[in-house]
Protein chains: 4
Amino acid sequence: MPLSPEQQAEIARLRAESQPTRRATVPGLEEILYEPIEVLDHGFVRVIDYMGDDGAVVQAARVSYGKGTKKVSEDRGLIHYLMRHRHTTPFEMCEIKYHVKLPIFVARQWIRHRTANVNEYSARYSILDNEFYLPAPEQIAAQSRSNRQGRGETLSVAEQQRVLDLLREDALRAYRDYMELLNEDEAGNVVDPKRQGLARELARMSLTLNFYTQWYWKTDLHNLLNFLSLRADAHAQYEIRVYADAMIGTLERWVPMTAEAFRQYRLGGAHLSASGLSVVKRMLAGETVTQAGSGMTKREWTELMSVLGREG
Amino acid sequence: MPLSPEQQAEIARLRAESQPTRRATVPGLEEILYEPIEVLDHGFVRVIDYMGDDGAVVQAARVSYGKGTKKVSEDRGLIHYLMRHRHTTPFEMCEIKYHVKLPIFVARQWIRHRTANVNEYSARYSILDNEFYLPAPEQIAAQSRSNRQGRGETLSVAEQQRVLDLLREDALRAYRDYMELLNEDEAGNVVDPKRQGLARELARMSLTLNFYTQWYWKTDLHNLLNFLSLRADAHAQYEIRVYADAMIGTLERWVPMTAEAFRQYRLGGAHLSASGLSVVKRMLAGETVTQAGSGMTKREWTELMSVLGREG
Amino acid sequence: MPLSPEQQAEIARLRAESQPTRRATVPGLEEILYEPIEVLDHGFVRVIDYMGDDGAVVQAARVSYGKGTKKVSEDRGLIHYLMRHRHTTPFEMCEIKYHVKLPIFVARQWIRHRTANVNEYSARYSILDNEFYLPAPEQIAAQSRSNRQGRGETLSVAEQQRVLDLLREDALRAYRDYMELLNEDEAGNVVDPKRQGLARELARMSLTLNFYTQWYWKTDLHNLLNFLSLRADAHAQYEIRVYADAMIGTLERWVPMTAEAFRQYRLGGAHLSASGLSVVKRMLAGETVTQAGSGMTKREWTELMSVLGREG
Amino acid sequence: MPLSPEQQAEIARLRAESQPTRRATVPGLEEILYEPIEVLDHGFVRVIDYMGDDGAVVQAARVSYGKGTKKVSEDRGLIHYLMRHRHTTPFEMCEIKYHVKLPIFVARQWIRHRTANVNEYSARYSILDNEFYLPAPEQIAAQSRSNRQGRGETLSVAEQQRVLDLLREDALRAYRDYMELLNEDEAGNVVDPKRQGLARELARMSLTLNFYTQWYWKTDLHNLLNFLSLRADAHAQYEIRVYADAMIGTLERWVPMTAEAFRQYRLGGAHLSASGLSVVKRMLAGETVTQAGSGMTKREWTELMSVLGREG
């Protein structure tokens, strides 16, 4: 359970409050505001704040004076047009802020997206909680043979158990040693008055990379879509993909037209290379094209056939 | 008057609407939401949307679960601490969006701030209005002698008149020729059916740099403060400074604690160089220091004496 | 002719110098270093400096200790792989710096690419030259009917002449008035000692948008490719496209493998939407698909047929 | 020793090569190009490439056609002027690329500087080396009492030993378990053929935060100075400060005039708040000012007195 009763109470209190505003407001997103969506064994994503809606995209594209909304069908058409032609700046006019709790090794992937604002919990300043990630058994898999940076088949049950035991032991020992180094309990009280504690900024180095950290993460809609298209992709590591999936749920509540266009033109589409396009044209003209005659490498050919849903 | 009756009606309609929200809401800023604040002869700034408040800065600094707010005095102290020590990331957690109407030559200075999102009215796509900037007489001044990129004393009344006449004539002729090139009236109807019009993306090049353009401009609070500290500065060109001044007014409504800290540590403070600090220390120790004995150039010495409010 | 004899001499002098370096060096790009490539009637692009080569992309991708080069074929394969899968960070490891002279209305489009470093000639500080852009006759075209932000058919010769006359007259008058407002000649000497001149930061507003400005513009290879893919596109305005075309020439000299991959996967490829991909699959399966049965709008259908090289 | 003989040979080979170039070249930096500067127990920083020199800053500030260099004294004056008045864009015209080996917990601080390009060694793709950071005894210190995010006095020798033992044991065990999970040796060979290995992207989570990672890190001179002013500061954690110190050494070789100005106006200077400035003015006027009469908090007052080198 990721939240303490105090934290739950704080969230409940926030959710009970309501103010009038003249700003663009999205009831579907308000419904889940502040609520943690559980991800992995101790993590979560929760929407803390947002600015704008589908209408704000339209408004910016038209640099108009009002809310920019004409008929729903026109707005939808414009948003699809913008997405199709990669007119990205109107999508930058919406902003969203998340509070995320995530394992450190996931945070290290996530932070590579530099076009966001981040405030992370500081382990120089505070003590980390005793919470670490252990994969669910069905996620415990071998190195992939075809993809050098992915995982392949699931391990045997016995080996899964061995993995979990090792990971759990290492994390438990790491935390025990972390607390011993600090010579503090979680409330900050000295444990052994005869010893000095080690500075927090040093003690943290003994923790393993599956410990949870947390941050506020804020980005605009355009950069959120970039993040989601990379991290909700099948090639992304499972442990970050589940966060992206949860965030796509919030995207659909927030900007349903944009989410639809995103599925249509980004997530569900495909990019053809010059050679790939040429192959498709030849095939459509009735020619039988083989890899050998395509000018493509074997790997590219396999990727193209997979995109086109063909045997190859 | 910068707005048409239709635009005023649209704004009035927007301002009349109100929705409930669970988000952080700032009544003082809501009061002026959507309303144009007039700047220069035809320009304006208006706040279109915002995210967060002083509490959101505090919340991010603490990576807390609730609003992050403790006592008002603690929040104020924390915000001052963050500003003093240039802990900038918590200020990035607030966002504001403006609609700005401004002369093109001002837009060209403004756009150098790259850490914002911008959607500008497109003169490839649409026809620009017949609105151009003419300085108020008291702004019509000679090149500064001391500052190679500033203005000095005001011109004589006769010369002011001559300047205004030239600027007005040039802009009027530019717009007349622009319309003739387009062969369209402002409603988009063909004027002379025997002629083709020139493409908009070409015709616009005949306009002068004092014509007004407009854009949506969105930035986070940290980058807004950077913009304001540079553009509200006495060395900034008057025509952009008046926009910055108007925006400081909106800052004070939005995040009063941050605005106060900004005045205390950024706008009202001073930066001393290593040599400048050494001079101050020697002076405080009772020594009489002269430029010659300071190790500073004449220019630096003058700047230091001016900061310290001394004759030099 | 964009350069004065003094400028030409300065460039010749720079080109005559040579130093030894241990850095990655590209002879093909060194050949044209500092040399202006003429663009439009008075503009140019010239490469001022660069960092890295194709090998630096490979090196970063491998985070290796040496230059990263194995066999040429392996390097080429890796660069194609990175481009195909949009692994963009290794391309950020190369950097290039241009000096560009361009009309102000082109500069205003260009500057929207925010991920570059820019130093522009300051008309607050200095006096602009009497150089303005006039389109070549074959570029003087009407507003497009199909594309609201493009140009269509060329105007008649008589109308071309009328356009050129108007643009030339307006620019000449603008410059004459600019100089009169300044009361300075181009060398900075006072013309009429009985008058004060207007401050430069004000006088510039009387110039038209086709006057030339210039800047140093520096970006990394990844962002350069983004710029080029948008600005070398058929939908870009001709006056910026010619700059992009000239820069693609420098790209091919600098990083030939990356340039090849860029043509293969970005410039020459095509993006299919989810619906578009579904149409292609149905067609490949032998089905006759019509717009009505495609689930696509007429506009999207036309775009897809055009990509596939079919009548539609 | 951070480098293997193969790596050393590769670096020696690179350093032996030399090509002619027309680019701005800095002999003092060429001297150390590619050479690792040792930092901490297994880390290093090495300059891999650079673009520009002090002259390039001057050239950009003047948007000139040649090298921009006039007399040395004028260039120096201009660079000091730019630094003093925070005209930052000319400094963005120089670029530098480092290869850095650093503990993961340091990398996590470093990466917060978002305005750089980064390629990190991928532990999804490759196996990390068995190298982890252990602090030197004199760095093993208690939590600071005055600064909630720093370290205070050094621990007793016995406690130092205890800390080192714990950190070493935890890291050794973590690596042993990492290898066991992978079921590979460092050359990538299967160890126990009866077992499957765990995917690399999962196995890495068992490592502790003091393991070393490495990356290519590239930034422009302006952002490098920002990084250095924050990370070479006395408040920065020791383990990142030593990297910043090593990089200041490379800065002085690369752009000596900029480095001098940086020391004068950034590192060696001080920022006074509005209240602080007012206190200094009153003191200079002969008044005896106390904290009570200063309008400052106790903490601010102490900070000011420390800046002014006074007892307080």
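Predicted model: local features only at pLDDT ≥ 70, side-chain atom pairs only at ≥ 80, totals over all residues.
Student: Which residue just after α3(A) takes a positive phi?

Tutor: The phi in question is about 40 degrees. The residue that takes this value, just after α3(A), is A:V63.

Student: How many residues of chain A are in contact with chain B, and how do they divide by class?

Tutor: In this contact, 43 residues of chain A face 43 residues of chain B. Elements giving two or more residues to the side of chain A include α1 (5–16), α3 (54–62) and β4 (95–103). That side of chain A, with its 43 residues, divides into 18 nonpolar, 11 polar and 14 charged.

Student: In what sense do β1(A) and β1(B) pair, and over how many bridges?

Tutor: β1 (19–21) of chain A is among the elements that give two or more residues to the side touching chain B. In the pairing, A:T21 stands opposite B:Q19. The two strands pair in the antiparallel sense, over 3 bridges.

Student: Which C-alpha of chain A is nearest the axis that relates chain A to chain B?

Tutor: Chain A is superposed on chain B by a rotation of 180 degrees with 0.0 Å of shift along the axis, at an RMSD of 0.0 Å. Both copies use the same surface, with 100% of the contact residues of chain A recurring in chain B. The C-alpha nearest the axis lies 2.2 Å from it and belongs to A:P20.

Student: What is the angle between α3 and α4 of chain B, and are they roughly parallel or roughly perpendicular?

Tutor: Residues B:D54, B:G55, B:V57, B:V58 and B:A61 of α3(B) meet B:D75, B:L78, B:I79 and B:L82 of α4(B). The residues of this contact comprise 6 nonpolar, 1 polar and 2 charged. The axes are 10 Å apart and the packing angle is about 70 degrees. The helices are therefore roughly perpendicular.

Student: Which element gives the largest share of the side of chain D that touches chain A?

Tutor: The contact takes 44 residues from each of chain D and chain A. On the side of chain D, β6 (141–143), α6 (157–182) and α7 (200–203) each supply at least two residues. By class, that side has 21 nonpolar, 10 polar and 13 charged residues. The largest share, 10 residues, comes from α6(D).

Student: What kind of axis relates chain D to chain A?

Tutor: Chain D can be laid on chain A by a turn of 180 degrees and a shift of 0.0 Å along the axis, with an RMSD of 0.0 Å. Such a relation is that of a two-fold axis.

Student: Which residue of chain D comes closest to that rotation axis?

Tutor: The same surface serves both copies here, since 100% of the contact residues of chain D recur in chain A. The closest C-alpha of chain D is at 2.0 Å from the rotation axis, and its residue is D:T208.

Note on methods
Residues numbered from 1 in each chain as written. Chains lettered and ligands numbered in written order. Contact = placed C-beta atoms within 7 Å. Helix = DSSP H or I, 4+ residues; strand = E, 2+ residues; numbered from the N terminus. Nonpolar A, V, L, I, M, F, W, Y, C, P; charged D, E, K, R; others polar. Least-squares fit on C-alpha atoms with pLDDT ≥ 70 in both. Axes fitted to C-alpha atoms, helices over the stretch in contact; angles between N-to-C directions. Parallel < 35°, antiparallel > 145°, perpendicular 65-115°, else oblique. Pairing = 2+ DSSP bridges.
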